[in-house]
Amino acid sequence: MEAFIFTGITGLIGITFVCAGIPFDWLGVISFGPFFAPNIAFAGGVAAAAYAKKIKALDSGKNILYT
């Protein structure tokens, strides 16, 4: 959930930069790029769930929300 909130905040910053006329592509590089996009945050959860399934700590590798 925090990843979506942070992406929204950086998106608002990017929109502010676009409206101010700054030529840097903040939305494409920062907000939805390889740094803070939500899919990057979930990739760690997917890898951890797959590893936990492999060592038999989880019953399903699809459960990325298990704590």
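A patch, as the word is used here, is made of residues with over 30% relative accessible area and no salt bridge, with nonpolar side chains joined within 5 Å. In this predicted model, Phe6, Ile22, Phe24, Val29, Phe35 and Phe36 form such a nonpolar patch on the surface, and together they have about 530 Å² of accessible area. One of these residues, phenylalanine 36, is found in the loop between α2 and α3. Its relative accessible area is 36%, so phenylalanine 36 is partly exposed.

Serine 31 lies in helix α2, which covers residues 26-31. Its relative accessibility is 0%, and because buried means under 20%, serine 31 counts as buried. Leaving aside residues up to four places away in sequence, serine 31 touches Thr7, Thr10, Gly11, Trp26, Phe36 and Ala37. With threonine 10 there is also a polar contact: the side chain of serine 31 reaches the backbone oxygen of threonine 10 at 3.0 Å.

Threonine 10 lies in helix α1. At 4% relative accessibility, threonine 10 counts as buried. Its own side chain has a polar atom 3.0 Å from the backbone oxygen of threonine 7. Not counting residues up to four places away in sequence, threonine 10 touches Trp26, Ser31 and Phe36. Trp26 and Phe36 are also among the residues that serine 31 touches.

The aromatic rings come next. The structure holds three aromatic pairs. One of them joins phenylalanine 4 and phenylalanine 42, with 5.8 Å centre to centre and 50° between the planes, and this pair is tilted. Phenylalanine 4 lies in helix α1 (residues 2-20) and phenylalanine 42 in helix α3 (residues 38-54), so the pair ties together parts that are 38 residues apart in sequence.

Another pair is made by phenylalanine 17 and tryptophan 26. Their ring centres are 5.1 Å apart and their planes stand at 85°, so this pair is edge-to-face; the cut-off for that class is over 60 degrees. Phenylalanine 17 has a relative accessible area of 26% and is partly exposed. Tryptophan 26, with 19%, is buried. Phe17 and Trp26 belong with Phe24 to one aromatic cluster. Phe24 is also a member of the nonpolar surface patch, and Trp26 is in contact with both threonine 10 and serine 31.

Tyrosine 51 lies in helix α3 and counts as exposed at 52% relative accessibility. Its C-alpha atom is separated by 31 Å from that of glycine 28, a residue 23 places away along the chain. Lysine 56 lies in the segment after α3. At 73% relative accessibility, lysine 56 counts as exposed. Its backbone has a positive phi of about 65°, although lysine 56 is not a glycine.

Notes:
Residues are numbered from 1 along each chain as its sequence is written. This is a predicted model: local features need pLDDT of at least 70, side-chain atom pairs count only at pLDDT 80 or more; totals for chains, interfaces and linings use all residues. Side-chain values use heavy atoms; hydrogens and water are left out. Rings of Phe, Tyr and Trp (its six-membered ring) pair if their centres lie within 6.5 Å; planes under 30 degrees apart count as stacked, over 60 as edge-to-face and the rest as tilted. Helices (H or I, at least four residues) and strands (E, at least two) are DSSP runs, numbered from the N terminus. Buried means under 20% relative accessible area, exposed over 50%, partly exposed in between (1.4 Å probe, protein chains only). A polar contact is a pair of N or O atoms within 3.5 Å; within protein, one must be able to donate a hydrogen and the other to accept it, and residues adjacent in sequence count only if both atoms are side-chain atoms. Contact means heavy atoms within 4.5 Å. Patches are made of residues with over 30% relative accessible area and no salt bridge: like charges are joined within 9 Å, nonpolar side chains (Val, Leu, Ile, Met, Phe, Trp, Tyr) within 5 Å. Accessible areas come from the Shrake-Rupley method with a 1.4 Å probe; for residues, only the protein chains shown count as cover. A salt bridge is a side-chain nitrogen of Lys or Arg within 4 Å of a carboxyl oxygen of Asp or Glu.
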